[in-house]
Amino acid sequence: MASRLSAFAALNNSDSESETEHQISSPTGLKETLNTNSESCRDSNPDIDFAESGGMKIDLGLNTGTRYALSGNGCAEIITTSNFSLLPGINVCYYDNHQILGLQTGDRLVMKGQYQIEVLHGFAEIDCYILYPGECITIRATNITSLPCVTTSNSQNLKATQPFSKPFSAIIKLKNVNDNLDSLSRFYPHLRNFYHTDNSVDESKYNKFRYTFTHMTKPESNNFGTSIPTSWKSAFSSITGDTMKNKGNQTILIIGNKNTGKSSFLKLLYNTLLSQSSLLKEDKIFRILDIDPGQPELCLPGCISLSELKSPLLGTLEPFKLAKTSEIVKFIGFNSPDVQPLNYFHQLNSLIEQIEKQSFGKNIVTFINSPGWVKGFGAEVISHIVSSIHISHLIQLSDQSRDLDILRETNWDKNTSIIKLTSINGSNMPSNPYSPSVIKNFKLITYMHYNRETNNYDFNPLILKPPFRIPYTPSNKRIDQLLDFKGVMGISIYDSLGLLPDDVPNALEAQYVSLITVAKSEIRAKLQALNNHSRFMSTSVPNIIDESVIQSLDSNFHGLAIIHSVDKKNKLFNIYTQADTTTISELVIQKDQVLIMVKGRQAVPLEEMYSISITKEEAQYWDSFGFRCLPYISPTLSNEGVGGKPVSIRRNIQRR
């Protein structure tokens, strides 16, 4: 099958999808089984076989797999506001740093900003996650993602609770969250409106109090609440039933083109299963294999990861702040896996091996969020996953009348349940107002400016702060000396063909690098296998390790850093990083590990080094340092996507 897909990947250059879909009508209730319209399917596809059992008709398909096909007849409602009015003293009370609201069955609350939500009475449902009394959750609601919707259906437990005299199904407390994230827009103007709203009911009518969140009382452009199509809800119900009945391991793979709602579907399904597992007191473990290095949800851009989670996924996620029981991150170095496919598959296989190693005798649900490619190399990735892991449920998100080619080309296991759903685009839902480049920069900037000691953000330019100083060893050392060095043992630059060793320090300045550690015993064997005479020898340039060596090792990713400068005289890297340097030091000094820096092709946002806050009246500012302008940095004239210029390496001697 692998050779067949390789040929398919090489020859298939079209973007067309199959025009034939075996449409089956979607169910109408969350707890109903999947009902189908067998007559319409038989009429249009006479060669398809059906099995019937208790009213459920199952399309057996050409590969004899169990297939549930859900049509997108129930399009999602476009949500822009709350659906009820705030009446002071009736259903809302305002206090210094919090509000208390009463919700009736059918009420929908939509807010933008940062807030901590706690249920005082009844329960609240937030994007498919059930919140019970005593549990507090912090939510960041920005228009980078849809705004979470808070609802309740607790109609059987009406109760009058202070401060209200009227009975409510649920009473919630909304509290301010002050971590300075709202000041990001001043540092990175491309996100100037990600918290701002035009209509602030709290500030306009009750300016006695200031809140870090705003109720959405009027529609505003690019601000939309989470809306769930009926067919998605039915799929959640079906998968939840299967998962809770099955005590073994389950793996759910989500496929679809870019911007079809794969990440949204994953988060909503995960929230549903997490709530049901808690309600039924099921001892389930939830993991997410995030394998799209361009738009990852749970790790930094340029990486893929396997994370075990225990908290809901709500609002705009900050990967480095999520509560994770465990996490394994692999550095890819590029936004697209096909730049260096062999390295991508090597790192992916290491995560798959961890899935198999950790799954024995456990009750685990694994979600796999695939890249937004379903043809060519993307088809190869999906085929590789299917051949390596048993998939219990496959979710296809596509246009209403189309099957993805990969659905036909892959030999799915006969026990795999295939659920075909309408994508968000197919439901005419609004698209994200920000480009992938801006969203990627949001994740990188917030990571670099988060203060772990204060749990706050500091968006002052990094260049105004003193960097860390980490020693490095030059390349004119024996292998034993390199491995015993208590600093940066080596540097590797991916995709660096044509870069001269003497130019490496200049190529690293104002660039992202990953900080990885590797066992001495493993890298020793790799280095000894190389001819020492083939290594570049220098008394000042950092030790350069070929990328093929790094990519073949089992490495541990600790975080990203920006190299401020390279001090060749004192053999020091000056860096900015949020990685846990204490842990890295312990591994290098006590655990027989070596520290290596790896540079991929992650571009540093221009604002990090050429921020508006230091370029205004730049002559006055830089005069105090003896400069007329910011030294060494030249902003490129080309944009990476819409919004945000990267800092690039200048190759002045390169000829076209």
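Q: Let's start with Asn 259: buried or exposed?
A: This is a predicted model, and in it Asn 259 is exposed, with a relative accessible area of 58%. The cut-off for exposed is over 50%, so Asn 259 makes it.

Q: Where is Asn 259?
A: Asn 259 sits in the loop that runs between strand S13 (250-256) and helix H6 (262-279).

Q: And what's the phi of Asn 259?
A: Positive, about 60°, although Asn 259 isn't a glycine. For context, most residues other than glycine have a negative phi.

Q: OK, over to Asp 495. What's the phi there?
A: Asp 495 isn't a glycine either, and its phi is positive at about 55°. Asp 495 belongs to the loop between strand S23 (488-493) and helix H12 (504-508).

Q: What's the relative accessibility of Asp 495?
A: It's 40%, so Asp 495 counts as partly exposed: that class lies between 20% and 50%.

Q: Switching topic: where does Ser 370 lie?
A: Ser 370 is in the loop between strand S17 (364-369) and helix H8 (377-388).

Q: Buried or exposed, that Ser 370?
A: Buried: relative accessibility is 2% for Ser 370, and the cut-off for buried is under 20%.

Q: Which residues does Ser 370 touch, leaving out those up to four places away in sequence?
A: Leu 253, Ile 254, Ile 255, Gly 256, Lys 262 and Ile 291.

Q: What about the side chain of Ser 370, which backbone oxygen lies 2.6 Å from a polar atom of it?
A: That's the backbone oxygen of Ile 254. Ile 254 is also among the residues that Ser 370 touches.

Definitions and conventions: Residues numbered from 1 in each chain as written. Predicted model: local features only at pLDDT ≥ 70, side-chain atom pairs only at ≥ 80, totals over all residues. Heavy atoms only, no water. Helix = DSSP H or I, 4+ residues; strand = E, 2+ residues; numbered from the N terminus. Buried < 20%, exposed > 50% of the residue type's maximum accessible area, 1.4 Å probe, protein only. Polar contact = N/O pair within 3.5 Å; in protein donor to acceptor, adjacent residues only side chain to side chain. Contact = heavy atoms within 4.5 Å.
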